[in-house]
Amino acid sequence: MAVDAIDLIETFDSKYNFFLPDNVNEIRNMYYFGSLSTLGIQAFLTLKEATNITNLQPWATMYNRLIDKAYNQNNLLSKNRLEISPNKLSKFTKYFDTAYQQKIKDLFSKEKAINHRILSTKDFML
């Protein structure tokens, strides 16, 4: 699943419930993919925590491709305007291997972000 994090966060209101199919917890793995930014991570955490979807995790393979592509083409990095707590960042990065955990932490320490839209259909097919 990929969402536009800004739309999700701006419209999220705790008085509304997410609709989830009855069998969502029977799905072995559900993967989230969005921008690698404070809002993108917040969208993931909101989905995971507000809905109690225990089998939701970041789509690490695609995030790794996103990071690699952005760093290979420096002009693909953007400004990350919002801070994120170390606790929230750790809740997200725990799904990645050590090398990519460090790359994500470095990205945020430099106040940078990567928009998920930099990936093309071809990037998903590798």
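Reader: Why is glutamate 111 called partly exposed?

Author: In this predicted model, glutamate 111 has a relative accessibility of 41%. Buried means under 20% relative accessible area, exposed over 50%, and partly exposed in between (1.4 Å probe, protein chains only). The value of 41% lies in between, and therefore glutamate 111 counts as partly exposed.

Reader: What is the phi of glutamate 111, and where is this residue found?

Author: Glutamate 111 has a positive phi of about 55°, although it is not a glycine. Most residues other than glycine have a negative phi. Glutamate 111 is found in the loop between H5 and strand S4 (112-114). Helices (H or I, at least four residues) and strands (E, at least two) are DSSP runs, numbered from the N terminus.

Reader: What makes aspartate 97 buried, exposed or partly exposed?

Author: The relative accessible area of aspartate 97 is 45%. Aspartate 97 lies in the loop between helix H4 (86-93) and H5. Its C-alpha atom is separated by 9.7 Å from that of asparagine 64, 33 residues apart along the chain.

Reader: Why is H3 called oblique to H5?

Author: Two packed helices are described by the angle between their axes and the distance between the axes. The axes of helix H3 (residues 60-72) and helix H5 (residues 98-109) come within 11 Å and cross at roughly 55°. Axes are lines fitted to C-alpha atoms, for helices over the stretch in contact, and angles run from 0 to 180 degrees between N-to-C directions. Angles under 35 degrees count as roughly parallel, over 145 as roughly antiparallel, 65 to 115 as roughly perpendicular and the rest as oblique. An angle of roughly 55° belongs to the rest, and therefore H3 is oblique to H5.

Reader: Which residues of H3 and H5 meet?

Author: Asn64, Ile67, Asp68 and Tyr71 in H3 meet Tyr100, Lys103, Ile104 and Leu107 in H5, where contact means heavy atoms within 4.5 Å. By class, this contact has five nonpolar, one polar and two charged residues. Ala, Val, Leu, Ile, Met, Phe, Trp, Tyr, Cys and Pro count as nonpolar, Asp, Glu, Lys and Arg as charged, and the others, Gly among them, as polar.

Definitions and conventions: Residues numbered from 1 in each chain as written. Predicted model: local features only at pLDDT ≥ 70, side-chain atom pairs only at ≥ 80, totals over all residues. Heavy atoms only, no water.
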